[in-house]
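Please keep the sequence and the structure in view while reading.

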Amino acid sequence: MLKAETTMRMYNTGALAIVRVETIERGLEIAEGCLNGGVDVLEISYTLNNAGKVIEAIVSRFKKDICVGAGTVLDSETARHAILSGAQFIIAPNYDEGVAKMCNRYQIPYAPGCTSLTEAVNGLTMGASFIKAFPVSDFYGPKLCKVFKTPLPNMPILASGGITLANLHEWLENGVDVCGFGGLLTKGTKEEIAENAKAIREIISKYRNK
């Protein structure tokens, strides 16, 4: 039940931090700030070569308190490396069949970036747990989620890019299931990150409980 449990944890939190850090120490600091504010899901981007080490360090320090995964995973080799490092989910800016198969094999949720409905359907067909509305979400904004969900109402959508505290409610109203945040959850002190995380969780909880 690993894949199902992780998928539900991501949905229940409703938000994740998109982390790109030069040092393991800063990665741990961000993780602690996010956790203190109620966001217990972190994506460590493979845009930096230390991503695997950061994932390992977070898993070692926080155990099951934090659900940590890998981002910017473009191919199956990187996916396998991330999974061996302890990644519990895989997110990418693109759809790749090899990554989809690798994640299915090891029962890891996969969220491929899709720019068209055809790509999104192909991703779901190959077992994607979420469809990442990226990078087109930067241009179309929250309404993209509704466009995707009109023909496929049950499509699970993860969006990142352009989501702020001021417009988060718009994304939720348009059907996004998990929201990714960069600067809000990765910049500043632990206390500032925790404050932003708490504000994000409050908005999501208020929307879902109304």
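## Helices α2 and α10

In this predicted model, helix α2 passes helix α10 in a right-handed crossing. The stretch called α2 covers residues 24-36, and its axis and that of α10 come within 7 Å, crossing at roughly 40 degrees. An angle under 35 degrees would count as roughly parallel, and one of 65 to 115 degrees as roughly perpendicular; α2 and α10 are therefore oblique to each other.

Which residues of the two helices meet? On the side of α2 they are Arg26, Glu29, Ile30, Glu32, Gly33, Cys34 and Asn36, while α10 contributes Lys190, Ile193, Ala194 and Ala197. Sorted by class, this contact between α2 and α10 holds five nonpolar, two polar and four charged residues.

## Helices α1 and α10

Helix α10, which spans residues 190-208, also comes within 9 Å of helix α1, residues 2-13, when the distance is taken between their axes, and the two axes cross at roughly 95 degrees. Because of this angle, α1 and α10 are roughly perpendicular to each other.

The residues that make the contact are Tyr11, Asn12 and Thr13 in α1, together with Arg201, Ile204 and Arg208 in α10. In terms of class, the contact of α1 with α10 is made up of two nonpolar, two polar and two charged residues.

Side chains of opposite charge can pair when their charged atoms come close. The structure holds five salt bridges, and one of them is formed by Arg9 and Asp40, whose closest N and O atoms are 3.2 Å apart.

## Helices α4 and α5

Two packed helices are described by the angle between their axes and the distance between the axes. For α4 and helix α5, the latter covering residues 97-105, the angle is about 30 degrees and the axes are 8 Å apart. The two helices α4 and α5 are therefore roughly parallel to each other, and α4 passes α5 in a right-handed crossing.

In this contact, Ser76, Ala79, Arg80 and Ile83 of α4 meet Gly98, Val99 and Met102 of α5. The classes represented between α4 and α5 are four nonpolar, two polar and one charged residues.

## Thr78 in α4

Thr78 has its place in helix α4, which runs over residues 76-84. The side chain of Thr78 is joined to that of Asp75 by a polar contact of 2.7 Å. When neighbours within four places in sequence are left aside, Thr78 is in contact with Tyr46 and Val73.

Terms used. Residues are numbered from 1 along each chain as its sequence is written. This is a predicted model: local features need pLDDT of at least 70, side-chain atom pairs count only at pLDDT 80 or more; totals for chains, interfaces and linings use all residues. Side-chain values use heavy atoms; hydrogens and water are left out. Helices (H or I, at least four residues) and strands (E, at least two) are DSSP runs, numbered from the N terminus. A polar contact is a pair of N or O atoms within 3.5 Å; within protein, one must be able to donate a hydrogen and the other to accept it, and residues adjacent in sequence count only if both atoms are side-chain atoms. Contact means heavy atoms within 4.5 Å. Axes are lines fitted to C-alpha atoms, for helices over the stretch in contact, and angles run from 0 to 180 degrees between N-to-C directions. Angles under 35 degrees count as roughly parallel, over 145 as roughly antiparallel, 65 to 115 as roughly perpendicular and the rest as oblique. Ala, Val, Leu, Ile, Met, Phe, Trp, Tyr, Cys and Pro count as nonpolar, Asp, Glu, Lys and Arg as charged, and the others, Gly among them, as polar. A crossing is left-handed if the near helix is turned anticlockwise from the far one by less than a right angle, and right-handed if clockwise. A salt bridge is a side-chain nitrogen of Lys or Arg within 4 Å of a carboxyl oxygen of Asp or Glu.
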